[in-house]
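Please examine the sequence and the three-dimensional structure shown below.

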Amino acid sequence: VGACWAFVRENLAYFTYGSYPIDGRWRVDIFFAMLAVGIVWLLWLDAPRRGLGALYFFGIFPIVSFFLLYGLPLVGLEIVDTSRWGGMLITLVVAVVGIVASMPIGILLALGRRSHMPVARFVSVFFIEVVRGVPLVTVLFMASVMLPLFLPPGWPPDKLIRALVGVALFSSAYMAEVVRAGLQAIPKGQWEAASALGLGYWQTLRFVVLPQALRIT
């Protein structure tokens, strides 16, 4: 009774890489290593140059990982269709895209929910409440079925792209509430002090409020 560990050991590579070509698994290993560096850099609060670490994780790492995993013939990386991705690789790809994409979208939704403009506030509240009120599987189903309807004929998006879009939208709704909690934790005096210094709304957000709110969240 229990797990068949002989089977697990025999298929460990398949659980990790899926059907990714054996001669290209070094690309997946580099992806895992880059992901580990980015996570450690961000989670280590006293790490040097954490701003550069955030730029690496949210900017450089996703772009390099895409061309590394999918391929770039210009530099000799063979194209590997996403249908051959699987195992832990696909799980981490979905998780990373959800984190990276949901952060900026969540910040915009949180700011929109606190905005004094009725249209921006209504759209943000409607999106957040609707997405948070349905299961993830419903969002994934809608992304898989509805997303191709908004694109030109003959250009159906990849099935993995559809799932990534659904996960990103779903995660951004929850991220918006987390960021909104951080914004509410900033004392009103911070806004007043920035206003006294002559900073505008966006300057106050960029230099005073968001750095503190994101560190809290």
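**Helix packing and nonpolar cores**

In helix H6, Phe127, Ile128, Val131 and Arg132 meet Leu169, Phe170, Ser172, Ala173, Tyr174, Ala176 and Glu177 of helix H8, where contact means heavy atoms within 4.5 Å. The residues of this contact comprise eight nonpolar, one polar and two charged. This is a predicted model, in which local features need pLDDT of at least 70 and side-chain atom pairs count only at pLDDT 80 or more, while totals for chains, interfaces and linings use all residues. Residues are numbered from 1 along each chain as its sequence is written, and side-chain values use heavy atoms, with hydrogens and water left out.

Two packed helices are described by the angle between their axes and the distance between the axes. H6 (residues 118-132) and H8 (residues 159-184) pack at about 115 degrees, with axes 9 Å apart; helices here are DSSP runs (H or I) of at least four residues, numbered from the N terminus. The two are therefore roughly perpendicular, a term for angles of 65 to 115 degrees.

The largest nonpolar core has 22 residues, of which Tyr20, Val28, Phe31, Phe61, Leu69, Trp85 and Leu89 touch the most other members. Such a core is a set of buried Ala, Val, Leu, Ile, Met, Phe, Trp, Tyr and Cys residues joined through side-chain atoms within 4.5 Å, buried meaning under 20% relative accessible area with a 1.4 Å probe, protein chains only. Helices H3 (25-43), H4 (50-70), H5 (87-113) and H8 each supply at least two residues of this core, and H3 gives the most, with six. Apart from this core lies another, of 12 residues, among them Leu183, Leu205, Val209 and Leu210.

Conventions
Axes fitted to C-alpha atoms, helices over the stretch in contact; angles between N-to-C directions. Parallel < 35°, antiparallel > 145°, perpendicular 65-115°, else oblique. Nonpolar A, V, L, I, M, F, W, Y, C, P; charged D, E, K, R; others polar. Buried < 20%, exposed > 50% of the residue type's maximum accessible area, 1.4 Å probe, protein only.
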